[in-house]
Amino acid sequence: MKNKTFKKVKDVDPKSTVWLDLTKSEDEILANFDKKKRQYYRNYKNKGITIRQSKDQKDMEILFKYYQNLMDKRSFTIHEKSYMANQLKYDFAKLYIIEFENTAIGASLIYDEGDTRYYAYAAYSEEHKNH
């Protein structure tokens, strides 16, 4: 990984774990993204994509459904649904739902610990991946 924004950390789960310095300004962070990723980031609101935070156990179904599809496509295993849903009982866990035209098209589970945010799980709809 040859990018000044991200640096490789000790191998954990998953092996592509990176560290991103969020003390930098948004412009500094975006300057190190490739052009396509900057464009995605800047245009998501114009396309009607919204992100909401949830602690609702029912919303975990969204993440699990898309994660299951990803698992089937890429041939890896995931935790059971009950394990993932149980995470929302803890204050450190936050579920983010990505929506397009009032339809959930993806989700991510994030863990906050002090001044560190861990991106634990994420998956999205293949049908909507180019929005």
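This is a predicted model: local features need pLDDT of at least 70, side-chain atom pairs count only at pLDDT 80 or more; totals for chains, interfaces and linings use all residues.
Residues are numbered from 1 along each chain as its sequence is written, and side-chain values use heavy atoms, with hydrogens and water left out.

Reading from the N terminus, the elements go β-β-α-α-β-α-α-β-β-β. Of the 131 residues in the chain, 31% are buried, meaning under 20% relative accessible area with a 1.4 Å probe and protein chains only (over 50% is exposed, and in between is partly exposed). The chain exposes about 9,600 Å², with carbon and sulfur atoms supplying 50% of that; the areas come from the Shrake-Rupley method with a 1.4 Å probe, and for residues only the protein chains shown count as cover. As for contacts (heavy atoms within 4.5 Å), take those between residues at least 6 apart in sequence: 46% of them join residues at least 24 apart.

Now for the sheet. Four strands form an open sheet in the order S3-S4-S5-S6, paired antiparallel, where pairing requires that DSSP finds at least two bridges between two strands. Strand S3 (49-54) and S6 are at the edges with a single partner strand each, so one side of each has no neighbour in the sheet. From one strand to the next, the twist averages 25°, using axes fitted as lines to C-alpha atoms (for helices over the stretch in contact) and angles from 0 to 180 degrees between N-to-C directions. S3 joins strand S4 (residues 93-100) through six antiparallel bridges, and Ile 49 sits opposite Phe 100 in S4.

Strand S4 also holds Lys 94. Is this lysine buried or exposed? Lys 94 is buried, because its relative accessible area is 18%. Setting aside residues up to four places away in sequence, Lys 94 touches Gln 53, Ser 108, Leu 109, Ile 110, Asp 112 and Arg 117. A polar atom of the Lys 94 side chain also lies 3.4 Å from the backbone oxygen of Asp 91.

Ser 125 counts as buried because its relative accessibility is 5%. Beyond its neighbours within four places in sequence, Ser 125 contacts Tyr 66 and Ile 105.

How values were computed. Helices (H or I, at least four residues) and strands (E, at least two) are DSSP runs, numbered from the N terminus. A polar contact is a pair of N or O atoms within 3.5 Å; within protein, one must be able to donate a hydrogen and the other to accept it, and residues adjacent in sequence count only if both atoms are side-chain atoms.
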